Amino acid sequence: MLTREELPECPVATTVQLIGNKWKLLILRNLIFNGEQRFSDFSKTIPAISKKVLTDNLRALENDGIVNRRVFAEVPPRVVYTLSELGQSLKPLLDAMMVWGNEYKSKL
């Protein structure tokens, strides 16, 4: 997790730094609107993302305290991703993005 000193002073820049790339936003979309996800669920709903990029972005979201990763002691191991309490606080932001995107598309 980043320290306060490592984050930009501007709160908008902080948000962009934490969730501002397209892959993180699509990962968060899945978790917010579909709930718990396995790695393969992300691969199916975000087909353009490579496994490495997906892994890197999930790790970054986990390190930033936005996503929880739970490993079950099974064979083969089952791993599920959920939003942390902090991650759940992003729902209004993504809801607003969805509304804005729909309004924009309807005006084209």
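1. Serine 84 sits in the loop between S3 and helix H5 (85–88); helices (H or I, at least four residues) and strands (E, at least two) are DSSP runs, numbered from the N terminus. Not counting residues up to four places away in sequence, serine 84 touches Gly65, Ile66, Val67 and Asn68, where contact means heavy atoms within 4.5 Å.

2. A word on the basis of these notes: this is a predicted model, in which local features need pLDDT of at least 70 and side-chain atom pairs count only at pLDDT 80 or more, while totals for chains, interfaces and linings use all residues. Residues are numbered from 1 along each chain as its sequence is written, and side-chain values use heavy atoms, with hydrogens and water left out.

3. Now the sheet. Its 3 strands form an open sheet in the order S1-S3-S2, with antiparallel pairing; two strands pair if DSSP finds at least two bridges between them. Strand S1 (37–38) and strand S2 (67–72) are the edge strands, each pairing on one side only. S2 and strand S3 (residues 78–83) run antiparallel and are joined by 6 bridges. Phenylalanine 72 stands opposite arginine 78 in S3.

4. Helix H2 (residues 22–34) packs on this sheet and touches S1, S2 and S3, its direction making about 85° with that of S3. Axes are lines fitted to C-alpha atoms, for helices over the stretch in contact, and angles run from 0 to 180 degrees between N-to-C directions.

5. How do H2 and helix H6 (residues 91–107) pack, and at what angle? Their axes lie 10 Å apart, at an angle of about 105°. That makes H2 roughly perpendicular to H6 (65 to 115 degrees; under 35 counts as roughly parallel, over 145 as roughly antiparallel and the rest as oblique). From H2, Leu25, Leu28, Arg29, Ile32 and Phe33 meet Lys91, Leu94, Asp95, Met97 and Met98 in H6.

6. Finally, the largest nonpolar core has 20 residues, and Ile19, Ile27, Leu28, Leu31, Phe42, Ile66 and Tyr81 touch the most other members. Such a core is a set of buried Ala, Val, Leu, Ile, Met, Phe, Trp, Tyr and Cys residues joined through side-chain atoms within 4.5 Å. H2 gives the most to this core, with 5 residues. Leaving aside neighbours within four places in sequence, leucine 31 contacts Gln37, Phe42, Val67, Tyr81, Thr82 and Leu83.

Note on methods
Buried means under 20% relative accessible area, exposed over 50%, partly exposed in between (1.4 Å probe, protein chains only).
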